[in-house]
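Please read them with the structure open.

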Amino acid sequence: MNMNDNTKKRSGFGGRKTSFNNSKKEDNKNPSTRIIEKNADFDQLIADVRRVTRVTAGGKHMSFSVTILIGNNKGKVGLGTAKGVDVPKAIDKAKKEAMRALITVPIVKDTIPYKSEGKFCASRILVKPAKEGKGVIAGGVVRDIMILAGIKNITCKVLSGSHNAINNGKATFEALKNVCKIYELENEKKNLKVEVKDNNIE
């Protein structure tokens with residue numbers, strides 16, 4: 001009987017359930033476990049790695065597709081996707097593309113100033129400002145982007161139900177770009193109002 005009880009506990013029946021994927025869950029929640037390089041300027045994180053096969057008349061050609069996220073935790077964040085014969089070459093190419101695609105996200109009181117929605121292919125992402133202490137309510141690549149950008153309080157939701165990391169990441173960037181546009185327009189309106197008031201005074 002003791003032998004059966006022990007085997008039941010080990011196999012997860014009756015006793016405590018053994019969780020074999022704890023490390024994977026922690027990796028998904030904590031982006032620092034996937035940060036490949038941490039500099040004074042930008043942190044670099046691998047969002048997605050895929051093996052790509054291209055079929056030609058000469059045969060099959062294998063390559064690797066890598067998606068990199070970079071951010072300085074102060075509003076600047078970028079995303080780059082590139083292919084290479086091996087993973088290191090693909091990473092180098094993706095870093096350069098991410099540096100060229102940097103955007104500056106307006107951060108007001110550790111959150112974004114406006115609600116926005118972004119769309120890329122089949123992915124749709126909604127981002128909303130959150131109160132202080134709310135934290136980053138998001139998952140997957142969307143959460144990584146917000147943390148690398150330095151946003152501490154935000155609510156994000158994947159409206160399309162897509163699990164494609166690249167499309168979700170690019171849709172998130174479209175949403176953040178919309179926030180930047182709205183912020184710039186509001187600042188222009190405020191500046192125009194101030195100039196009109198000054199002219200009236202004169």
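This is a predicted model: local features need pLDDT of at least 70, side-chain atom pairs count only at pLDDT 80 or more; totals for chains, interfaces and linings use all residues.

1. Helix H4, residues 140-149, is mostly covered, with seven of its 10 residues buried. Those buried residues are Val141, Val142, Asp144, Ile145, Met146, Leu148 and Ala149.

2. Lysine 76 lies in strand S4, residues 76-84. Is lysine 76 buried, partly exposed or exposed? Its relative accessibility is 37%, so lysine 76 counts as partly exposed, given that buried means under 20% and exposed over 50%.

3. For phenylalanine 42, the separation from lysine 76 is 34 residues in sequence, and the C-alpha to C-alpha distance is 8.7 Å.

4. Threonine 67 is part of strand S3, residues 59-71. With a relative accessible area of 2%, threonine 67 is buried. Which residues does threonine 67 touch, not counting those up to four places away in sequence? They are Leu45, Ile46, Ala47, Asp48, Leu79, Gly80, Thr81 and Ile166.

5. The loop between S3 and S4 holds asparagine 73. Asparagine 73 has a positive phi of about 60° although it is not a glycine. This deserves a look because most residues other than glycine have a negative phi. The relative accessible area of asparagine 73 is 37%, so this residue is partly exposed.

6. A positive phi is also found at aspartate 110, a residue other than glycine, with a value near 65°. Aspartate 110 sits in the loop between strand S5 (103-104) and strand S6 (116-120). Its relative accessible area is 31%, so aspartate 110 is partly exposed.

7. Helix H3, residues 87-100, has 14 residues, which at 1.5 Å a residue should span 20 Å. The end C-alpha atoms of H3 are 20 Å apart, in agreement with that expectation. At the N-terminal end, aspartate 86 caps H3, with a side-chain oxygen 3.3 Å from the backbone nitrogen of lysine 89.

8. Where do the buried residues of H3 lie around its axis? Ala90, Ile91, Ala94 and Ala98 are buried in H3. They cover an arc of only 100° around the axis and are therefore on the same side of H3. An α-helix has 3.6 residues a turn, so residues three or four places apart point the same way. On the other side of H3, Pro88, Lys96 and Arg100 are exposed.

9. For the chain as a whole, there are five helices and nine strands. Read from the N terminus, the order of elements is α-α-β-β-β-β-α-β-β-β-β-α-β-α. Of the 202 residues in the chain, 34% are buried.

10. Of the contacts in the chain between residues at least 6 apart in sequence, 55% join residues at least 24 apart. The accessible surface of the chain comes to about 13300 Å², and carbon and sulfur atoms account for 51% of this surface.

Note on methods
Residues are numbered from 1 along each chain as its sequence is written. Side-chain values use heavy atoms; hydrogens and water are left out. Helices (H or I, at least four residues) and strands (E, at least two) are DSSP runs, numbered from the N terminus. Buried means under 20% relative accessible area, exposed over 50%, partly exposed in between (1.4 Å probe, protein chains only). Contact means heavy atoms within 4.5 Å. Accessible areas come from the Shrake-Rupley method with a 1.4 Å probe; for residues, only the protein chains shown count as cover. The expected span of a helix is 1.5 Å times one less than its number of residues. The arc is that of the directions from the helix axis to the C-beta atoms. A polar contact is a pair of N or O atoms within 3.5 Å; within protein, one must be able to donate a hydrogen and the other to accept it, and residues adjacent in sequence count only if both atoms are side-chain atoms.
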